[in-house]
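I open this notebook to keep track of what I look up in the model, going from the whole chain down to single residues.

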Amino acid sequence: MRLSTVILPVHRWSAGGREAWQRAEELGFHAAYTYDHLSWRSFRDQAWFGALPTLTAAAAETSRLRLGTLVTSPNFRHPVTLAKELISLDDISEGRVTLGIGAGGNGFDATALGQEPWAPRERADRFAEFVGLLDRLLSQDVVSYAGDHYSAHEVRNIPGCVQRPRLPFAVAATGPRGLRLAAQYGQAWVTTGDPKVSNGGGTSDESRDAVRGQIERLGKACADQGRELADLQKIMLTGFTPDRPLDSVDAFVDFAGRHAELGIDELVVHWPIADSVFEADVAVFERIATEGAAQLAAL
């Protein structure tokens with residue numbers, strides 16, 4: 001099992017931003033991701049910087065750490081412009097980028113460009129078209145496409161990604177259509193657990209049962225695509241279940257072990273942010289990154 005972190009873009013680069021990404025590499029995290037939002041929930045009226053410029057800056061300040069979004073969505077992105085930026089980021093980082101990608105939700109991002117929030121059916125349709133076109137744009141030199149929601153006319157993406165045939169996709173999904181996309185296009189799959197369990201006051205056991213069910217459905221989607229479930233890395237973004245894995249090293253190792261048994265390959269923990277929903281003891285967090293990660297090697 002691998003241990004990664006997600007660093008929210010809430011600090012000026014000269015006032016804590018740079019240091020966090022450098023420290024993530026020093027602590028030995030496998031990857032460091034960031035949210036790709038225009039703003040997010042309780043941070044809406046606070047500082048919040050762009051994901052791709054942040055990742056580009058992080059690429060210049062690190063050399064081993066994998067970098068990525070967790071996650072990008074169609075809410076305010078277009079596949080053509082996003083592909084160009086991702087190819088550039090993959091080049092600058094020398095092939096260290098993973099694209100976490102999801103359908104998005106109905107938060108601020110969904111209306112920031114002046115549109116009405118998409119109905120669930122339209123959101124799913126857009127996501128499927130978005131992922132399929134992005135796959136082509138990142139792996140082919142010239143692409144033309146005319147879809148229901150997105151178009152591309154003789155778009156050139158030369159020289160393409162450093163990673164071949166393209167940078168990896170980590171597809172966030174729990175529903176049937178999303179899981180099919182993960183099985184078709186993904187090199188990894190992402191879950192945060194089941195919000196119905198967490199928001200409904202469910203237990204840790206119920207949360208793990210929900211994740212187990214998600215992985216079983218992912219396995220069926222993979223079989224339908226002629227793939228093995230083991231072909232996909234299974235990533236869990238923590239912080240959205242009834243558990244409190246950052247309370248102590250022992251709590252984290254117990255949490256990690258129980259999820260490793262379910263088939264989770266990579267855990268992602270939030271970098272501590274004071275006075276927020278992601279507040280945590282920095283000293284404990286760093287012990288988890290070192291001592292806890294060392295114990296993960298045996299899982």
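How much accessible surface does the protein chain have, and what share of it belongs to carbon and sulfur atoms? I find about 13,600 Å² of accessible surface for the protein chain, with 48% of it belonging to carbon and sulfur atoms. I note at the outset that this is a predicted model.

**Entry 1: the whole chain.** I looked up the secondary structure and found nine helices and ten strands in the protein chain. The radius of gyration is 19 Å and the globule rule gives 19 Å for 299 residues, so the chain is as compact as a globular protein of that length. Along the principal axes, I read a span of about 55 × 45 × 35 Å for the C-alpha trace. Of the 299 residues, 51% count as buried, and among contacts between residues at least 6 apart in sequence, 73% join residues at least 24 apart.

Entry 2: I then turned to the nonpolar interior. In soluble globular proteins, nonpolar side chains tend to be buried together. Here the largest nonpolar core has 69 residues, and those with the most contacts inside it are F29, L134, L138, F169, W189 and F252. Helix α4, residues 120-139, gives this core its largest share, seven residues. A second, separate core has 19 residues, among them L8, A31, Y33 and A170. For F252, I set aside the neighbours within four places in sequence and found contacts with L3, P245, L267, V269, I288, G292 and L296.

**Entry 3: helix α4.** I checked the length of α4, which has 20 residues and reaches 29 Å from its first C-alpha to its last, close to the 28 Å expected at 1.5 Å a residue. Its buried residues are R123, R126, F127, E129, F130, V131, G132, L133, L134, D135, L137 and L138, a list that includes two of the residues with the most contacts in the largest core, L134 and L138. Around the buried residues of α4, I find α3 (79-92), β4 (97-101), β5 (142-146), β6, β7 and α5 packed against them.

**Entry 4: R166.** Is R166 buried or exposed? R166 has 10% relative accessibility, and because buried means under 20%, R166 counts as buried. I place R166 in the loop between β6 (151-156) and β7 (169-172). A polar atom of the R166 side chain lies 2.7 Å from the backbone oxygen of Y185. Beyond the neighbours within four places in sequence, R166 is in contact with D135, L138, S139, C161, Y185 and Q187; of these, D135 and L138 are among the buried residues of α4.

Entry 5: Helix α7, residues 204-224, has 21 residues and reaches 31 Å from its first C-alpha to its last, close to the 30 Å expected at 1.5 Å a residue. I list its buried residues as S207, R208, A210, V211, G213, Q214, I215, L218, G219, A221 and C222, and what covers them includes α5 (176-185), β8 (188-191), α6 (195-199), β9 (233-237) and α8 (249-262). Just after α7, G226 takes a positive phi of about 75°.

I followed the chain to L232, in the loop between α7 and β9, and found L232 buried, with a relative accessible area of 0%. L232 and G219 are 13 residues apart along the chain, and their C-alpha atoms are separated by 9.6 Å. Leaving aside neighbours within four places in sequence, L232 is in contact with A182, A183, G186, Q187, A188, W189, L218, C222, R227 and D265.

**Entry 6: backbone geometry.** Which residues are joined by a cis peptide bond with omega of about 0°? They are L70 and V71, and V71 lies in strand β3, residues 66-72. I recorded another cis peptide bond between I158 and P159, with omega of about 15°; P159 is in the loop between β6 and β7, where R166 is also placed.

I also looked for positive phi in residues other than glycine. E94, in the loop between α3 and β4, has phi near 60°, and E94 is exposed, with a relative accessible area of 67%. D275, in the loop between β10 (266-270) and α9 (282-296), has a positive phi of about 55° and counts as exposed at 72% relative accessibility.

Definitions and conventions: Residues numbered from 1 in each chain as written. Predicted model: local features only at pLDDT ≥ 70, side-chain atom pairs only at ≥ 80, totals over all residues. Heavy atoms only, no water. Helix = DSSP H or I, 4+ residues; strand = E, 2+ residues; numbered from the N terminus. Buried < 20%, exposed > 50% of the residue type's maximum accessible area, 1.4 Å probe, protein only. Polar contact = N/O pair within 3.5 Å; in protein donor to acceptor, adjacent residues only side chain to side chain. Contact = heavy atoms within 4.5 Å. Core = buried A, V, L, I, M, F, W, Y, C linked by side-chain atoms within 4.5 Å. Expected span 1.5 Å × (residues − 1). Rg over C-alpha atoms; globule rule 2.2 N^0.38 Å. Areas by Shrake-Rupley, 256 points an atom, 1.4 Å probe, with all protein chains shown as cover.
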